[in-house]
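Hello,

Here is the structure for your files. Please open it first, then read my notes below.

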Amino acid sequence: MSVTIGTQSRPLRVAIIGSGPSGFYAAESLLKNDTIVAEIDMFEYLPTPFGLVRAGVAPDHQQIKSVAKIYDKIASMENFRFWGNVQFGSDLSREELLDTFDAIIYAIGAQSDRSMGVSGEDKKGSHSATEFVAWYNGHPDYKDAQFDLSQEKVAIVGMGNVALDIARVLALTPDEIAKTDIPHHVQEQLKASKVREINLIARRGPLQAAFTNTGTKEIPDLEGAVAIVDPEELMLENNTAQTLTDSGDKKMVQNFQFLESISSNEIDPSKRVIRFMFRKSPQEIVGGDSVTGITMVTNELFTDDEGRIHHTMTEDLETLDCGLVFRSVGYKVRPVDGIQYDAKRGTVANVEGRVIDADSGETVRGEYVVGWAKRGASGVIGTNKPDSIATVEKLLEDLPQWSGDELVKPQAQTIKELLDGKNIHYVPFEDWKIIEKIEHEEGKAREKPREKFVTIHEMISVIKSEKLD
Ligand code: NAP
């Protein structure tokens with residue numbers, strides 16, 4: 001029987017793996033497309049959706065988290081199903097999904113941290129940004145992570161928005177912490193923190209800082225911290241000074257204005273310090289079993305033939321005393337069995353969102369990728385919308401090649417049978433809404449936006465008990 005895929009009688013069936021912004025934008029783009037009829041099944045390994053909106057966006061940025069309302073609307077669309085608490089690979093294999101769906105879209109993010117490649121990174125007290133961010137955001141996998149907040153001095157390597165999120169969270173006062181949705185057990189540890197000095201370390205200069213206004217705008221208003229930078233560090237080299245005036249780069253200008261605005265700040269002994277340091281590359285994390293400092297080399301900057309600014313190391317070394325180090329130097333995809341991996345880029349192997357065989361470079365039929373897993377860890381939440389639309393366009397371009405096959409795949413409905421058969425307690429979207437309702441109620445009682453459940457067991461139990469009531 002010849003079939004045309006994407007019609008009312010034979011909808012296009014797509015499995016989306018991951019429920020962060022890129023996954024939801026891909027779903028929206030397919031469901032709102034007037035030329036086809038699509039059915040979406042979204043699989044998420046946690047019972048809770050929204051990926052980094054829940055577990056990555058800083059807890060003092062509740063406004064940014066409100067983007068989840070848009071995803072709620074997408075989830076309520078006809079032909080959309082959410083399967084939370086289902087792990088791709090173990091609960092459902094890639095082969096099972098390929099047998100059931102016309103296409104898989106990987107929206108799996110980039111959950112692994114990059115290493116700095118210096119010795120001492122595995123010492124006690126040296127952590128990845130991934131761990132710390134996931135811990136203060138209540139990610140179940142990190143709820144028991146340990147950070148020695150009795151240390152007074154902290155070094156954060158990298159100067160992107162994640163590094164600034166960490167710096168702000170470490171600098172919040174108990175009152176500021178109380179207004180966030182940081183889980184209770186983490187709040188208690190942050191409130192008891194002895195951290196006094198937070199050093200942000202960039203390997204290039206102030207004009208190359210990766211952060212944006214989003215990361216800095218609250219810093220001047222922090223109740224218990226003062227941000228400082230040595231004015232000498234803002235002296236620009238001849239080759240880069242011109243960039244500031246010529247480039248018209250709004251982010252660069254804003255960043256430099258911010259840094260200039262804090263350059264006359266003075267240390268206030270009653271407050272914590274957030275220090276911005278430039279042109280320093282870590283050489284070693286020093287100490288015995290535990291971190292006692294970070295040795296850094298001073299860098300000089302040079303411009304390549306294409307106008308890009310790079311760093312080169314001098315022989316000038318210094319050691320900054322600190323008892324905690326956070327590496328915040330970017331993320332890469334955690335390789336998953338069966339998904340083609342581009343080790344060099346740290347992404348799913350792809351060309352414009354079409355998954356390719358990592359060895360041969362040939363397109364893999366019916367597999368696509370969106371978001372950080374596609375392009376690397378870059379951009380803000382909104383960047384994912386056009387990115388996902390672009391991948392969906394590639395999928396729709398490929399669609400005519402599949403129609404006409406003897407393609408009578410089982411109904412996507414059999415996913416339920418498949419999961420039931422394996423005794424997997426999947427969480428549909430309406431059950432996530434139960435979790436969310438209780439989190440909001442708990443939050444209200446504690447005068448905070450929500451009190452997150454931090455174990456999967458608690459989440460499943462609350463769903464069961466609410467349904468019994
Ligand atoms: P990022 O913006 O790529 O910043 C990484 C930083 O690490 C850069 O300063 C980079 O310096 C430095 N770095 C890389 N390798 C290094 C090494 N070996 N040694 C020392 N420094 C090194 O990454 P991110 O902060 O993880 O953020 C990821 C993405 O999420 C970004 O697009 C960010 O804007 C976004 N984000 C947005 C928000 C928000 O909008 N609120 C919040 C968090 C994250 P070079 O520039 O010299 O390479």
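How many salt bridges does the rule find across the interface of domain 1 and domain 2? The rule finds one there. A salt bridge here is a side-chain nitrogen of Lys or Arg within 4 Å of a carboxyl oxygen of Asp or Glu.

First, the ground rules. This is a predicted model, where local features need pLDDT of at least 70 and side-chain atom pairs count only at pLDDT 80 or more, while totals for chains, interfaces and linings use all residues. Residues are numbered from 1 along each chain as its sequence is written, and side-chain values use heavy atoms, with hydrogens and water left out.

**Domains**

Domain 1 covers 12-111 + 332-427, and domain 2 covers 115-328. The bounds come from an automatic or database domain assignment. The domain centres, taken over C-alpha atoms, are 33 Å apart. Domain 1 puts 15 residues into the contact and domain 2 puts in 18 (contact means heavy atoms within 4.5 Å).

**Interface**

The two domains bury about 1,300 Å² between them, and carbon and sulfur atoms give 52% of that. Buried area is the accessible area (1.4 Å probe) that two parts lose on being put together, summed over both. P59, D60 and H61 supply 39% of what domain 1 buries against domain 2, more than any other three residues.

D60 also pairs with R168: their side chains form a salt bridge at 2.8 Å, N to O. Ten residue pairs are in polar contact between domain 1 and domain 2, both residues at pLDDT 80 or more. A polar contact is a pair of N or O atoms within 3.5 Å; within protein, one must be able to donate a hydrogen and the other to accept it, and residues adjacent in sequence count only if both atoms are side-chain atoms.

**Ligand**

There are 21 residues around the ligand, and M159, N161, R203, R204 and G379 come nearest (a residue is near if one of its heavy atoms lies within 4 Å).

- M159: a backbone N or O atom at 2.9 Å.
- V162: a backbone N or O atom at 3.1 Å.
- R204: a polar side-chain atom at 2.8 Å.

**Salt bridges overall**

The structure holds 40 salt bridges. One of them joins E397 and R354, with the closest N and O atoms 3.2 Å apart. E397 sits in helix α14 (residues 384-402) and R354 in strand β19 (residues 354-356), so the pair ties together parts 43 residues apart in sequence. Helices (H or I, at least four residues) and strands (E, at least two) are DSSP runs, numbered from the N terminus.

Best wishes
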